[in-house]
Amino acid sequence: MPRTVITFGTFDVFHVGHLRVLERAAALGDRLVVGVSADALNERKKGRAPIFSEKERLAIVAALKVVDEVFVEESLEQKRDYILEHGADVLVMGDDWAGKFDELDDVCEVVYLERTPAISTTAIIEHIADL
């Protein structure tokens, strides 16, 4: 029986850390579905607009060979709905969210993956701003 993995992220200023987490998520199943944070959601959770638009970020993530489907994530509170809607067997989140989605283990397996060390979108943006 095929396993569907779902994960979420902003994926702004796409970098190797994004690629590695998506590759590791994809390895946990047969199909990878990715929720890309809406521009408005990103502004609410990070206090700033993304560098790349929602449409551009969707296109970038959709172009990756490990990704089977993308959709816009409108709300953090809708994770359960997204999991059920996409028939996900596994929810993958970065370990910076560890424990925050454990209550979803009644509908799917919840896995927190370690982030790629020494790389983050915020650090890249700050570095560029300092140039």
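## Overview

Of the 131 residues of this predicted protein model, 40% count as buried, where buried means under 20% relative accessible area, with a 1.4 Å probe and protein chains only.

Residues are numbered from 1 along each chain as its sequence is written, and side-chain values use heavy atoms, with hydrogens and water left out.

## Secondary structure and strand pairing

The protein contains 5 helices and 5 strands, arranged along the sequence as β-α-β-α-α-β-α-β-β-α. Among contacts (heavy atoms within 4.5 Å) between residues at least 6 apart in sequence, 62% join residues at least 24 apart.

Strand E2 (residues 31-37) has 6 of its 7 residues buried. E2 pairs with E1 in the parallel sense over 6 bridges, pairing being assigned if DSSP finds at least two bridges between two strands. The β-α-β crossover from E1 through H1 to E2 is right-handed; that is, with the strands pointing away from the viewer, the path from the first strand over the helix to the second runs clockwise. Valine 5 has leucine 32 of E2 as its bridge partner. E2 is also joined to strand E3 (residues 69-73), in parallel, by 5 bridges; here valine 36 is partnered by valine 72 of E3.

## Nonpolar cores

A nonpolar core is a set of buried Ala, Val, Leu, Ile, Met, Phe, Trp, Tyr and Cys residues joined through side-chain atoms within 4.5 Å. The largest has 17 residues, of which Leu22, Leu32, Val34, Val67 and Val92 touch the most other members. Two or more residues each come from H1, E2, helix H3 (54-62), strand E4 (90-94) and strand E5 (109-113), with H1 giving the largest share, 4 residues. Another core, of 13 residues, lies apart from it and includes Val33, Ala88, Leu104 and Cys108.

## Aspartate 12

Aspartate 12 lies in the loop between strand E1 (4-9) and helix H1 (16-26). Aspartate 12 is buried, with a relative accessible area of 2%. A polar atom of its side chain lies 2.5 Å from the backbone nitrogen of isoleucine 51.

How values were computed. Predicted model: local features only at pLDDT ≥ 70, side-chain atom pairs only at ≥ 80, totals over all residues. Buried < 20%, exposed > 50% of the residue type's maximum accessible area, 1.4 Å probe, protein only. Polar contact = N/O pair within 3.5 Å; in protein donor to acceptor, adjacent residues only side chain to side chain.
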